[in-house]
Amino acid sequence: MAEAKQKSGWLNILVDYGPLLVFLGVYKFYSPEESSPLGEIAAVIRGTIAFMVAAVVALAFSKWKFGRVSPMLWLSTALIVGFGALTIWLRDESFIQIKPTVIYLLFGTALLIGWMRGKALLEILLGAAFEGLDQQGWLKLSRNWGLFFFALAALNEALRATLSFESWLWAKLWVFLPLSFLFTFTQIPMLLRHGLGVEGLDEEEKTPPPTA
């Protein structure tokens, strides 16, 4: 059972971050060696098309493998396709960079509004995974993730304003992903105080952070 959960955790990570890796690979392959605005735009457009296709494939794989598609994945895929289409149409790479900020703000706002109303939206999404966690624990987890999403939105905007497009892409893997996992681990002591059992702890450690 533990082995199945571990495999499931890594498959979730692949579903969430696989499309980004596809974008990175295609963009890097077609990126011009010398500075060329037209070549750069062409590489971004090819990467964006691959990104959109990979996102739809990841969604279909999630439905086939897990029997369901999380609301987060539905929203992420819809925004990837929507902002990707704008990128191709307007030939402006900034739409790809804005997309994570929009997702983080939407998730953060939804979680914090739910928390203020006494409703833990994360319990709806992850309730089966974290057995034993009491209502107060769910509320605190929703509040903390909501605040963290706002911090990620601010960080994305700061990096978007200061880094080149390629450096920003790599930051998605080497900054946002480690930060998200680190934040996940910092929540464990609080979750244990609110009834999270051993099985739930194992799932918390293997559940990837929401994607953007």
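Where is R91 found? I looked it up in the model, which is a predicted one. R91 sits in the loop between α3 and α4.

**Entry 1**

I checked the backbone of R91 and noted a phi near 55°, a positive value in a residue other than glycine.

**Entry 1: helix α7**

I did the same for α7, which covers residues 165–186. Its 22 residues should span 32 Å at 1.5 Å a residue, and its end C-alpha atoms are 30 Å apart, which agrees. Where is the kink in α7 centred? I found it centred on A171, with an angle of about 40°.

Next I listed buried residues of α7. Among them are F165, W168, L169, A171 and K172. Further along α7, F176, L177, F181 and F183 are also buried.

**Entry 2: aromatic pairs**

How many aromatic pairs does the structure hold? I noted 14. One of them joins Y104 and F176, which are stacked, at 6.1 Å centre to centre with 10° between the planes. This pair links distant parts of the chain: Y104 belongs to helix α4 and F176 to helix α7, 72 residues apart. Y104 has 3% relative accessibility and therefore counts as buried. F176, at 1%, counts as buried because the cut-off is under 20%.

I then took the pair of F107 and F149. This pair is tilted, with 5.6 Å centre to centre and 55° between the planes. F107 lies in helix α4 and F149 in helix α6 (residues 135–162), so the pair ties together parts 42 residues apart in sequence. F107 is buried, with a relative accessible area of 9%. F149 is buried too, at 1% relative accessibility.

Which residues do ring pairs link into a cluster? I wrote down Y104, F107, W145, F148, F149, F176 and F183.

**Entry 3: charges over rings**

I looked for charged side chains over ring faces. K172 lies over the face of F176, at 4.8 Å from the ring centre. R46 lies over the face of Y30, at 4.5 Å from the ring centre.

**Entry 4: nonpolar cores**

In soluble globular proteins, nonpolar side chains tend to be buried together. I looked for such groups here. The largest nonpolar core has 46 residues. Which residues have the most contacts inside it? They are L141, W145, F165 and L169. The helices α1 (2–30), α2 (37–66), α3 (71–90), α4, α6, α7 and α8 (188–193) each supply at least two residues of this core.

Leaving aside residues up to four places away in sequence, F165 touches F23, Y27, E40, V44, E93, I96 and Q97.

Notes
Residues are numbered from 1 along each chain as its sequence is written. This is a predicted model: local features need pLDDT of at least 70, side-chain atom pairs count only at pLDDT 80 or more; totals for chains, interfaces and linings use all residues. Side-chain values use heavy atoms; hydrogens and water are left out. Helices (H or I, at least four residues) and strands (E, at least two) are DSSP runs, numbered from the N terminus. The expected span of a helix is 1.5 Å times one less than its number of residues. The bend at a residue is the angle between axes fitted to the seven residues ending there and the seven starting there. Buried means under 20% relative accessible area, exposed over 50%, partly exposed in between (1.4 Å probe, protein chains only). Rings of Phe, Tyr and Trp (its six-membered ring) pair if their centres lie within 6.5 Å; planes under 30 degrees apart count as stacked, over 60 as edge-to-face and the rest as tilted. A charge sits over a ring if NZ of Lys or CZ of Arg is within 6 Å of the ring centre and within 35 degrees of the ring normal. A nonpolar core is a set of buried Ala, Val, Leu, Ile, Met, Phe, Trp, Tyr and Cys residues joined through side-chain atoms within 4.5 Å. Contact means heavy atoms within 4.5 Å.
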